[in-house]
Amino acid sequence: MEEGSSSEAIFESLNLSPRLFINEVLNVVDDLLDEAFEFFLQEASARLKTEGTDRAEELSKGVSYIRDLIQLTLDQRLQKWEEYCLRFCFSVPEGFLLPEADSHGDDLVDLDALTDTNLDAELNSLHDRVSSVGKESAELERELRALEMQSLSSNMTSGSIDEALHLYKEHDATHMFQELTNVASEFRSRLGSLKRKMAEETQHHRADKLKVNHDYVLGLPRSKGFFGAADLKELEECLDEIRAP
């Protein structure tokens, strides 16, 4: 954008000055550079303890030399930046015209119509939409976690059912029932044999006791009557043993 160009005239009609903006930026950069090197000199003097000595002047000259080198490079970069801004950022396309007044004699479009209030309203609307989207995202995330838990539970249940079906297929119900029937029959048969064996052993035991007691009675000595008093007592004891199971 050259001086006196149509671009400059358009910006001036809108009460804008690109050159003023660029000069303000350059002045801010110079101020920051001066403050930075002033702070650098103070810190170097304090750390090297050169204040009040002959080395203070040498330190100041060294810092000034470094500053000049940086200032030279910075000026070259800022000059290119200024040229870029004027040529591309603040250049109005050729043939661009501001809107003219309509047939009713209204003034030109007022650029101040986009007030801060409208911008704040739009920002608030965007903020509300972002908050709404954030809430919906949180709800969707909770639903997704719930579905994942349900899916995990369903998979575990399905696995248990599949395992049960697999066992059922491997061991047919009819075959298992037949095996249980055979085992029950075998158990009843063994139980009957055990009962018969116990009964036979009991009978043999009683028979042995009767035989022993009979032999004992026959071997008792006889007295004047049938048996003596002592023999009667022994006979009663023998009868008691016979009655005992």
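A nonpolar core is a set of buried Ala, Val, Leu, Ile, Met, Phe, Trp, Tyr and Cys residues joined through side-chain atoms within 4.5 Å. In this predicted model, the largest such core has nine residues: Ile10, Phe11, Ile22, Leu26, Leu78, Cys85, Leu86, Phe90 and Val92. Helix H1 (6-13), H2 and H3 are the elements that each give two or more residues to this core, and H3 supplies the largest share, with three. There is also a second, separate core of five residues, including Leu33, Phe37, Ala44 and Val63.

Back in the nine-residue core, Ile22 is a handy place to look around. Setting aside neighbours within four places in sequence, Ile22 is in contact with Trp81, Glu82, Cys85, Leu86 and Phe90.

Now for the helix pair. Two packed helices are described by the angle between their axes and the distance between the axes. For helix H2 (residues 18-48) and helix H3 (residues 55-89), the axes come within 10 Å and cross at roughly 160°. That angle makes H2 roughly antiparallel to H3, since anything over 145 degrees counts as such. The crossing of H2 past H3 is right-handed. Sorted by class, the residues in the contact of H2 with H3 come to 19 nonpolar, three polar and six charged.

One more residue of H2 is worth a stop: Ser45. Ser45 counts as buried because its relative accessibility is 16%, and the cut-off for buried is under 20%. Not counting residues up to four places away in sequence, Ser45 touches Thr50, Glu51 and Leu59.

Conventions:
Residues numbered from 1 in each chain as written. Predicted model: local features only at pLDDT ≥ 70, side-chain atom pairs only at ≥ 80, totals over all residues. Heavy atoms only, no water. Axes fitted to C-alpha atoms, helices over the stretch in contact; angles between N-to-C directions. Helix = DSSP H or I, 4+ residues; strand = E, 2+ residues; numbered from the N terminus. Parallel < 35°, antiparallel > 145°, perpendicular 65-115°, else oblique. Left-handed = near helix turned anticlockwise from the far one by under 90°. Nonpolar A, V, L, I, M, F, W, Y, C, P; charged D, E, K, R; others polar. Buried < 20%, exposed > 50% of the residue type's maximum accessible area, 1.4 Å probe, protein only. Contact = heavy atoms within 4.5 Å.
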